[in-house]
Amino acid sequence: MTRLIDELVDGLEPAPSRPAIAIFGLPLAVAALLPLAAIVFYYGLRPDMGSALMAMPFWIKLALPAILVAAAGVALAHLSRPGTPAGPGLVIALAAMAIFALAGLASLASLPAETRLPVLFGQSWQKCLMSVGAFGLAFLAGGFWALRRMAPVRPHLAGFALGLVAGGLAAALYSLACNEDALPFIASWYQLGILAVAGMSTLIAPRIARW
């Protein structure tokens with residue numbers, strides 16, 4: 001039995017004791033280079049960026065990914081180490097998404113019937129979904145590189161938290177190129193893109209995480 005235990009732990013190294021933000025920060029920052037390059041060389045910044053910065057809808061659009069990255073990031077830091085409770089981060093992140101979804105529905109319901117579908121789908125819902133998903137893959141690659149150095153004992157949950165962080169970062173960067181500011185659009189397609197990244201991360205985390 002002792003030999004079996006020795007074989008199981010052979011080659012394993014203790015998880016780094018540094019703060020999680022120091023472990024995940026650099027890989028995620030490096031991963032951001034690909035989406036940023038895509039925005040600069042392919043998408044371009046939204047043409048009305050100057051006026052958008054002065055308007056509330058742009059900041060509301062950024063608020064969702066900011067909340068997700070902060071709340072899920074705290075949960076990811078906890079879930080990356082054994083013996084640490086997950087904390088309320090994931091609950092806060094999911095509550096924020098639910099609030100945005102309800103606000104989007106309320107906004108949609110307040111519109112004249114003939115304008116609801118054009119507002120919901122905008123001009124770029126497919127592009128939004130694909131872009132948030134593609135950008136999210138870049139962040140997942142960086143995030144999993146860091147997660148493999150940690151010791152999550154609940155890899156599905158850690159993967160879900162990482163996916164929300166990756167999806168949130170992807171949505172935040174894509175918003176720099178996207179001129180769709182309607183709340184129903186953000187509550188639908190941005191959130192679906194983020195959830196797709198989180199779902200993928202949840203499924204593959206147990207295969208990649210070290211435990």
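Helices and strands are taken here as DSSP runs, of at least four residues for helices and at least two for strands, and they are numbered from the N terminus. In this predicted model, the elements follow one another from the N terminus as α-α-α-α-α-α-α-α-α-α, with 10 helices and 0 strands in the protein. The points below go from the overall fold to one helix pair, then to the nonpolar core and to individual residues.

**Overall architecture**

- Taken along the principal axes, the box filled by the C-alpha atoms of the protein is roughly 70 × 35 × 25 Å.
- The protein has 211 residues, of which buried residues make up 42%.
- When contacts between residues at least 6 apart in sequence are considered, 85% of them join residues at least 24 apart.

**Packing of helix 5 against helix 9**

- Helix 5, which spans residues 56-79, and helix 9, which spans residues 155-174, have axes that come within 8 Å and cross at roughly 150°.
- Angles over 145 degrees count as roughly antiparallel, and helix 5 and helix 9 are therefore roughly antiparallel to each other.
- The crossing in which helix 5 passes helix 9 is left-handed.
- On the side of helix 5, the contact is made by L62, P65, L68, V69, A72, G73, A75, L76 and L79, while helix 9 contributes L157, A158, A161, L162, L164, V165, G168, L169, A171 and A172.
- By residue class, this contact of helix 5 with helix 9 comprises 17 nonpolar and 2 polar residues, with no charged residue taking part.

**The largest nonpolar core**

- The largest nonpolar core holds 50 residues, and the members that touch the most other members are F24, F139, L164, Y190 and I194.
- At least two residues of this core come from each of helix 2 (20-31), helix 5, helix 6 (89-109), helix 8 (125-147), helix 9 and helix 10.
- Helix 9 gives the most to this core, supplying 11 residues.
- Y190, one of the core members named above, is in contact with K61, C128, A171, Y174, S175, C178 and F185, once its neighbours within four places in sequence are left aside.

**A serine in helix 10**

- S201 lies in helix 10, and its relative accessibility of 0% means that S201 counts as buried.
- Not counting residues up to four places away in sequence, S201 touches L140, F144, G159, F160, L162 and G163.

**Two loop residues**

- S124 is placed in the loop between helix 7 (113-121) and helix 8, and with a relative accessible area of 14%, S124 is buried, given that buried means under 20%.
- Apart from neighbours within four places in sequence, S124 is in contact with Y174, E180 and F185.
- N179 occupies the loop between helix 9 and helix 10 (183-208), where N179 is partly exposed, with a relative accessible area of 46%.
- The C-alpha atoms of N179 and P47 are separated by 8.0 Å, although the two residues are 132 residues apart along the chain.
- N179 also touches R46 and D48, with residues up to four places away in sequence not counted.

Notes: Residues numbered from 1 in each chain as written. Predicted model: local features only at pLDDT ≥ 70, side-chain atom pairs only at ≥ 80, totals over all residues. Heavy atoms only, no water. Axes fitted to C-alpha atoms, helices over the stretch in contact; angles between N-to-C directions. Parallel < 35°, antiparallel > 145°, perpendicular 65-115°, else oblique. Left-handed = near helix turned anticlockwise from the far one by under 90°. Contact = heavy atoms within 4.5 Å. Nonpolar A, V, L, I, M, F, W, Y, C, P; charged D, E, K, R; others polar. Buried < 20%, exposed > 50% of the residue type's maximum accessible area, 1.4 Å probe, protein only. Core = buried A, V, L, I, M, F, W, Y, C linked by side-chain atoms within 4.5 Å.
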